[in-house]
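Keep the 3D view open while you read.

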Amino acid sequence: MDTRLQIENLTFAYSNKDIINEVNISVKKGEFVGLIGPNGSGKSTVLKNLYRALDPDRGSVHLDGENLFKMSHKASAEKIGVVGQENMVPFDFKVEEIVAMGRSPHKKLFDPDTKKDHEIVMHALAHLGMADVAKRSYLNLSGGEKQRVLIARVIAQETDFLILDEPTNHLDISYQLQIFDLVKRLEVTVLSAIHDLNMAAMYCDRIYVLKDGKIFFSGTPEEVLTVQLIREVYGIESDVTIHPLTQKLAITFLPESLKYN
Amino acid sequence: MNMLNLTVKVDVSTVVGINFCGFFLEKINKGIWGKGMNKTLKRIRNIFDRNNPNIVAIIIILMILAVATIVLAVGLGPVKVSPANVANIILSQVPFLSGSIPHTWTDLDYNIVWGLRLPRVLLGMIVGASLAVVGVTMQALVRNHLADPFILGVSSGAAATATLGMLFGVFAILGEYSLSISAFLGAGLTIIFVYTISRVNGRINITQLLLSGVAISMIMDAITQIIILSAPNALGLHNASFWMSGSLAGAKWGYLSLPLVVMLLCLAVLLINYRSLNVLLLGEEAAGSLGINVKSTQKMLILVASLMSGVTIAVSGAIGFVGLMVPHITRLLIGSNHKNVLPVSALLGGILVVWVDVAARMVIAPEELPVGILTALFGGPLFIWLLKRNTKEV
C-alpha cells in the first residue's frame, strides 16, 4: 500500500509553549487512522496544521509525495476534505448553498455554477437522505442534521482524503454511529481525531495516541488500547475485552467509586 | 455592474436606463393583459420567493425603482419641480437628444435640478450603495450582522484623519484627492485596529468588537472636535455636523466621479470573489479547508472596506447604520449568497439614502436635518433588535 500522508517532526507552539512536539504520523491509502488522547493533548492542533488553519513552526507534511505547505490552498482543498466540529454559521444559508460551497475548490474566479455542480450537490444530499431539506435553512437544522450537511459538503468536494476533527462531539449516539458509518461507506482515506475510545476501537485500522503534544504510542486498536496504556495516558482503570458480536475491542471504564472483585 | 452604471452615471446612462426600463415595463404590461392578473400576481410572488428568488427580475425592478427614485427625489424639496420637468431637464443635457426635448421649465427649475439637486441625489445613490456594500464586506470580515462602518468607528476614524489632513495639508500634494486619501487611511487604520483588538484566539469576539468600536469612535470624534473647534474657518463646509451626522448638502458634480469609480471597482472585486466571501462566513477554518486563502482574502476585504468607506465619508460625512440596515433587509429578501446580496444591497442602499435625504430636507423645511440623524433614528432600533437576537443565538 502506498503512503498518502506523511507527517514528519511536526512542531507547533502557541506563544512559546509547545502544543505539539515532533509528531510523526503516516496514513496509507484506504486506511482509517484514529488520533486519540486526552483533552489538550494536541489532537485538534495536529489536524489544524494539516488543513492549514495553523502554520507549523517545524516539520514537514507530504501529501501523495508533494510538500503540502508548498501547495496552493486550492490545490490542497482538491485533495483533502475536512469535517470539523459543528460550527456556528451566523448567517442564514440554505442547506444546498452550504453543500455547494464544497465545490469552491474546483472553481476558478469567473467560473459559473454549472448543472453538473448542482447534480453533485443533490447527489451528495441524497446520499445522506437529506434531499428533501435542500431548500431549508441550515440554521434551523438539529445538530446531527447539520453535521450530515457538512458531510454532504465534503462529499460534494470530491476529495479522496478526509480529515475529521471530532466530528461527532456533542451528538447523540445514534448520530455518532450514523456519521462514522457514512464516512466508512465512502471508502476514502481517513485521519480522524476521536474522543470516544470505543468508537476508535470500532472504526479505526490504526490508532495514534497523543499525550502532552507527543505521539505516545501507535498501532492497531488491539495493540494500542490496552489496560496499561489507558492507565498511563488517561489515568483511569479499565477492562478491555473482545466483544462477541462486533469482534472489536470493547472498553469498560472502572470508576473508583464502584467496588469490583 | 452595468445596472449600477445605468442608475448613477447621468450624462448618457440615465437615458439608456429609462429606455431600458421602458422596455421591461412594456414586457410586464404585456404579461398582465396576455395571461390575466392572477398569473401576474403569482409571478410576482415567485420573483420574491425567498427560497428561490428570481435575482435578475429583482435587480431589474430595483433598477427601475432607482431611476424613478432619482427623478422623483430631484423634484422634491422646498421648491417642487414636476417629475416631467425633471426628466426633460435631465434629457436635455444629453447630446443628440437635446434638440427634441420640449423646453417646459423655467431657469429656476433648471438651476435647482441641474445645479443643486441632481448631483445631490446622485451622490446619495453612490454613497448609499457604497455604505451598504461596505457593511456587507465588514460583516463577512467579522462574521457578524452587527458590523457597520459607523458602529465600528470607521467613519469616525476617517473623519478624524480627513480633518487632520485638511488642517495640516498633509496630502495637499495629491490635489483634489487629498481629502479622500486621508479619509481612506483613517478608515483603514481603524478597521485594522478594531479587528486586531477583537480577535481572541483566532476568533472575532463580538463584545470586544463592538466595545472597541465605541471606544475608537469616541477617541476619533474627540480628535475631530478639537481640530474643528481650533480651526473653525479652515474647514468651511466640512464642519462638525458634517462629519458627525453626515450630509449630502454640499454635493457638487465634481464630488461624484471618485466615489463612483471606487464603488464600481470594489463591487466588481467583491463580486468576482463572491465564493470566498460566502465560504468565509462558515468560519476561517472551514474556509481554509475549502481552498480559500483566508489571510489574503481578509486583507482584500479590509482594503476594499477602507477604500470605499474613506472615499465615501470624505464626501458625505458619517451617515450611520446604512451598512447595517440594508444588508439585513437584503438577506431577509433574498438569502445570504453574496453573489446576490452585493448587487441588491448596493441598489437598495442607494435608494434608501436618497429617500432619507429627501426626508431630511423636507421634515423641517426650510431648515435641513443632517441625513445621518434620520438614518440613526431608523437604524438604531434595528441595531438593538439585532443585538438582542444575536445574544439569544450564541
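A salt bridge here is a side-chain nitrogen of Lys or Arg within 4 Å of a carboxyl oxygen of Asp or Glu. With that rule, the whole structure gives 19 salt bridges over all chains. Before going on, note that this is a predicted model: local features need pLDDT of at least 70, side-chain atom pairs count only at pLDDT 80 or more, and totals for chains, interfaces and linings use all residues. Residues are numbered from 1 along each chain as its sequence is written, chains are lettered from A and ligands numbered from 1 in the order in which they are written, and side-chain values use heavy atoms, leaving out hydrogens and water.

| Pair | Distance |
|---|---|
| D64(A) and R4(A) | 2.8 Å |
| D160(A) and R4(A) | 3.1 Å |
| E368(B) and R120(B) | 2.9 Å |
| K295(B) and D55(A) | 3.4 Å |

**Within the chains**

Take R4(A) to begin with. Helices (H or I, at least four residues) and strands (E, at least two) are DSSP runs, numbered from the N terminus. R4(A) is buried at 7% relative accessible area, while D64(A) is partly exposed at 34%; buried means under 20%, exposed over 50%, and partly exposed in between (1.4 Å probe, protein chains only). D160(A) is partly exposed too, at 41%.

In chain B, E368(B) lies in the loop between α16 (338–362) and α17 (371–393) and R120(B) in helix α6 (residues 107–142), so their bridge connects parts 248 residues apart in sequence. E368(B) is partly exposed at 35%, whereas R120(B) is buried at 8%. Back in chain A, salt bridges with shared partners join R4(A), D64(A), K79(A) and D160(A) into one network.

**Between the chains**

How many residues of each chain are in contact with the other? The count is 33 in chain A and 28 in chain B, with contact meaning heavy atoms within 4.5 Å. The two chains bury about 2,600 Å² between them, 54% of it on carbon and sulfur atoms; this is the accessible area (1.4 Å probe) lost on being put together, summed over both. On the chain A side, H73(A), P90(A) and F91(A) lose the most area to chain B, together 23% of what that side buries. Three salt bridges run between chain A and chain B.
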